[in-house]
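Here is my note on the model you sent over. Please read it with the structure open beside you.

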Amino acid sequence: MAATPLRERKAWQALERHHAEIAGQHLRDMFASDPGRGERLTAEAAGLYLDYSKNRVTDETMRLLVDLASESGVADRRDAMFRGEHINVSEDRAVLHVALRMPSTATLVVDGQDVIADVHAVLGRMKEFATRVRSGEFRGFTGKPIKNVINVGIGGSDLGPVMAYEALRYYCTRDIAFKFVSNVDSTDFAEAVHGLAAEETLFIISSKTFGTLETLANANSARDWVVSSLGSADAVASHFVAVSTNAERVCAFGIDVANMFGFWDWVGGRYSMDSAIGLSTMIALGPEGFDELLAGFHDMDEHFRTAPLESNLPVLMGVLAVWYRDFFGAQTVGVMPYEQYLKRFPAYLQQLTMESNGKHVTLSGRHVDYDTGAVYWGEPGTNGQHSFYQLIHQGTTLIPVDLIGFGKTLNPIRDHHDLLSANVFAQAAALAFGKTEDEVRAEGTAAPIAAHRVFEGNRPTNVLLAEVLTPRLLGSLVALYEHSVFTQGVIWEVDSFDQWGVELGKVLAQQIIPELTTAEEPPLAHDSSTNALIRKYRSLKS
């Protein structure tokens, strides 16, 4: 880790001076004085082309930002991660999601164990099981093949699989329906099983400890549904599999441990979609498609591991995120995929980015005196253009935006894809250059209406382009953001791989649950607001 506090690093102080010099410059002027920047401020790797020329940066800005990454130890900490060192300091764990997508010929010994051999042993069992389900060889309790797969998990055990399924639905089998249950709200489960036949339904219960409150509540409801429908507790073994490491709890639930697929402490939940947590993805895609997904992850891993910082896609996106968060005070980042299949990608990124870098202390426990993780959000284009783009264009808040586009569509119909893609380039240009009052007046609009039609511009974007959405490309895209998050976390000197912030609410909920369920109101010792809310809830419930 960097020994010098962030604000005392030479590159940071140089950036503060530099920001004071260029903050007022407009992208219109930057492009006018440097016609070649649109070709120069680009980078490409693993099937992805990044145009970052429409950012409020100069060549000097990028040099200083790369200097900051270097001075902060991004390369050293990256290498430590790939070696399997315990860079998750608050939990004393390695961080090895990159091992999940290394080829079987690789070797990586961590704490005395070759983790690559372990990974491929689990992958082999997943492939065998997925093939049996897809072919109809795996049968339910009454002898019928599986027609419905329901993944039950929450957080990383849900967001990754559902995002991957939606993103790659074009490539998925249509002979099996896939559904996802995460919310403890009973409506989520009720709607997922509505109209389904239990004898044709397989549940994948995804919980590392097999003790996650929401997941176990839904799993127990699923078991009740199966047993009541099929008339025997013996049916559980034929309709449930587990992604977990707790064989005792899995067995007690009624799942055959031969159908338990494990993963490891060095896989964080939000980095686990390419582990056994991706079992539903493998069943949907098939083993070969899942291998392609892993290959895309590995392509970007290798680029991140080997490329110089100044041409390294994740590093470039990471330092730009730091630039806007800490020097321009940008509180949010928009991610707008112009590809309907990626409709759940922004939701996936919310956990990846905000759970990773929403931290207020450094690795050494010192309270930060600078801003860390921004809020990530987004929707597919062009829907967002008719909803919230108004605020991005003419609002008072600076919102950097990532626009993601593709050269080809998987569903060519008339000229739809050209219309869609034109909006990628048009929005990037409009956000960057805007429209001056003189231009508005030249079109014949007079004051005071002209002021309403002025676009200030100078709103930064990254444009990511790829040929077509494939399993391999999705892997590269996800890994790009994983390593961008890593880069930001190293610069901010936070632990991007723990998530203590989710624990307190869980603990308090466990205390409150019995206070909602007892017949008589128990003594309440919370604050006055919580006590009043509990009493109000009990009265509404009764």
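## Notes on the predicted model

1. By class, the largest pocket is lined by 14 nonpolar, 19 polar and 9 charged residues. Keep in mind that this is a predicted model. The volume of this largest pocket is about 1,100 Å³.

2. **Pocket centre.** In total, 42 residues line the largest pocket. Which of them lie nearest its centre? They are Thr212, Gln499, Val502, Glu503 and Lys506.

3. **Pocket helices.** Four helices each supply at least two residues of this lining: H7 (156-167), H9 (213-230), H15 (345-357) and H21 (503-517). Which element gives the most? H21 does, with 4 residues. The range of H21 takes in Glu503 and Lys506, two of the residues that lie nearest the pocket centre.

4. **Cavities.** How many cavities of 30 Å³ or more does the structure hold? There are 5. The largest cavity contains about 150 Å³ of space. Its lining is made of 18 residues, with Met317, Ala321, Val333, Asp402 and Asn462 closest to the centre.

5. **Cavity lining.** Here the class counts are 11 nonpolar, 6 polar and 1 charged. Two helices, H14 (313-327) and H20 (471-492), each give at least two residues to the lining of the largest cavity.

6. **Overall fold.** The protein chain has 22 helices and 13 strands.

7. **Packing and surface.** Of the 542 residues, 54% are buried. Take the contacts with a separation of 6 or more: 74% of them join residues 24 or more positions apart. The accessible surface of the chain is about 23,000 Å², and carbon and sulfur atoms account for 51% of it.

8. **Cis bonds.** Two peptide bonds deserve a look. Most peptide bonds are trans. The bond from Gly381 to Thr382 is cis, with omega near 10°. Thr382 sits in the loop between strand S11 (375-377) and helix H16 (389-394). The bond from Ala447 to Pro448 is cis as well, with omega near 0°. Pro448 is in the loop between helices H18 (437-442) and H19 (449-452).

9. **Asp111.** Most residues other than glycine have a negative phi. Asp111 has a positive value, near 50°. Asp111 lies in the loop between strand S3 (109-110) and strand S4 (113-114). Is Asp111 buried or exposed? Its relative accessible area is 65%. The cut-off for exposed is over 50%, so Asp111 counts as exposed.

10. **Glu493.** Phi of Glu493 is also positive, near 60°. Glu493 is found in the loop between H20 and H21. Is Glu493 buried or exposed? Its relative accessibility is 7%. Buried means under 20%, so Glu493 is buried.

Terms used. Residues are numbered from 1 along each chain as its sequence is written. This is a predicted model: local features need pLDDT of at least 70, side-chain atom pairs count only at pLDDT 80 or more; totals for chains, interfaces and linings use all residues. Side-chain values use heavy atoms; hydrogens and water are left out. On a 1 Å grid over the protein atoms alone, a cavity is a set of points where a 1.4 Å probe fits but cannot get out, and a pocket is an open set with protein on both sides within 12 Å along at least five of seven lines; lining residues have an atom within 4 Å of a point. Grid points are joined across faces, edges and corners, and a volume is the space filled by probe spheres set on the points. Ala, Val, Leu, Ile, Met, Phe, Trp, Tyr, Cys and Pro count as nonpolar, Asp, Glu, Lys and Arg as charged, and the others, Gly among them, as polar. Buried means under 20% relative accessible area, exposed over 50%, partly exposed in between (1.4 Å probe, protein chains only). Contact means heavy atoms within 4.5 Å. Accessible areas come from the Shrake-Rupley method with a 1.4 Å probe; for residues, only the protein chains shown count as cover.
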